[in-house]
Amino acid sequence: RSMTLERFIALQWLVITVAFAWLLYLLAPILTPFVAAAILAYICDPWVNRLCALRLPRGWKLPRTLATLLVMAALLGLLALLVLIMLPLLQKELSHFMTRLPALLDMARLKLLPLLQQKFDINLQWDNEVLKNLFVSHWQSAGGAAAKVLPWLGGSGAMLLALLMNVLLIPLVLFYLLRDWPVLLEKIEHAMPRHLHAKVLEIAREVDTILAEFLRGQIAVMVLMSIFYVSCLWLTGLEFALPIGVVAGMLVFVPYLGMFAGLALATLAALTQFDQFASIALVWFVFGAGQLLEGMVVTPWLVGDRIGLHPLAVIFSLLAFGQLFGFFGLLLALPLSAALLVGLRHAGRWYLNSTLYSD
């Protein structure tokens with residue numbers, strides 16, 4: 001009878017887990033703002049707790065609502081600082097690019113065109129004046145180009161509205177999650193079956209410890225990749241190596257975003273600074289090597305080892321969760337894999353101590 005009961009309980013939890021995973025898969029398109037807000041709330045909750053624990057004059061304490069607003073204001077300030085770093089850099093690089101455009105066209109005509117004709121037997125007609133006028137006219141008539149795009153944007157109104165709603169939902173959901181985080185945890189704890197209460201809390205503490213290690217490891221990855229990009233771009237002679245390297249390194253917590261943002265900025269800077277294609281190719285090589293280093297060595301080493309995942313498991317989890325859940329699957333692959341690993345460890349111990357294994 002006890003063996004039958006254990007099998008029934010195991011089957012019951014398996015069905016619940018599969019049903020929950022299938023529901024998440026079906027709801028994935030609308031879960032983006034909630035998942036993003038939940039991630040930020042989990043990261044920022046300790047900061048809110050510290051603010052609430054501060055001793056103010058006359059024994060006052062900050063209300064949790066005010067502490068939540070202060071933390072969200074700090075997050076907004078960090079985002080604004082990143083934008084203020086990137087926008088002037090991008091504006092300056094675009095201005096330099098348009099100034100150097102005639103020289104770049106001349107270089108392409110003298111070096112690239114003969115190479116194409118020699119290697120691929122392609123006969124191209126190249127008129128620098130026509131190309132220069134074309135670029136300048138399109139640059140100066142950006143408003144007209146935008147006006148042509150507006151009808152297409154109007155046809156995609158539903159998609160743009162959904163994107164805008166997701167962006168506006170993130171801070172709203174984040175505010176309520178941060179403000180009510182202790183209440184939510186308390187309600188979840190009270191809703192647990194009493195006979196599973198101790199075990200679930202034990203697993204939750206292990207998962208929380210692993211997620212804390214994940215965050216520390218991710219910060220270490222960001223710092224190390226920032227140093228790598230700044231150093232290597234400086235060795236190539238790139239003028240804006242410091243801001244571009246820092247931006248690329250700090251954004252590696254979002255898969256591929258750091259590499260693509262840094263590559264775009266560095267390519268633009270290289271085109272305005274270097275006269276030889278070899279120097280530009282060297283900049284591209286830095287980002288290619290950086291992506292391989294971060295994905296194959298640094299993240300498995302600094303993050304995978306901290307959360308107990310084998311490097312192959314790290315690579316597989318990134319591919320699997322990215323395939324299933326897209327962008328946020330990539331973002332959550334490692335912490336979710338670590339949490340699943342904790343659950344599998346406890347499930348394995350239960351199985352080895354159960355009659356399912358011994359009989």
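Is I30 buried or exposed, and what is its relative accessible area?

Modeller: I30 is exposed, with a relative accessible area of 54%. (Exposed means over 50%, buried under 20%, partly exposed in between, with a 1.4 Å probe and protein chains only.) This is a predicted model: local features need pLDDT of at least 70, side-chain atom pairs pLDDT 80 or more, while totals for chains, interfaces and linings use all residues. Residues are numbered from 1 along each chain as its sequence is written, and side-chain values use heavy atoms, without hydrogens or water.

I30 sits in the loop between α1 (2-27) and α2 (32-53); helices are DSSP runs (H or I) of at least four residues, numbered from the N terminus. With W22, L23, Y25, L26 and L27, I30 forms a nonpolar surface patch. Together they have about 610 Å² of accessible area, by the Shrake-Rupley method with a 1.4 Å probe.

Now look at another loop. T236 lies between α8 and α9. T236 is buried, at 14% relative accessible area. Its side chain reaches the backbone oxygen of L233 at 2.5 Å. Leaving out residues up to four places away in sequence, T236 touches F274, L282, V283 and V286; contact means heavy atoms within 4.5 Å.

Terms used. Patches are made of residues with over 30% relative accessible area and no salt bridge: like charges are joined within 9 Å, nonpolar side chains (Val, Leu, Ile, Met, Phe, Trp, Tyr) within 5 Å. A salt bridge is a side-chain nitrogen of Lys or Arg within 4 Å of a carboxyl oxygen of Asp or Glu. Helices (H or I, at least four residues) and strands (E, at least two) are DSSP runs, numbered from the N terminus. A polar contact is a pair of N or O atoms within 3.5 Å; within protein, one must be able to donate a hydrogen and the other to accept it, and residues adjacent in sequence count only if both atoms are side-chain atoms.
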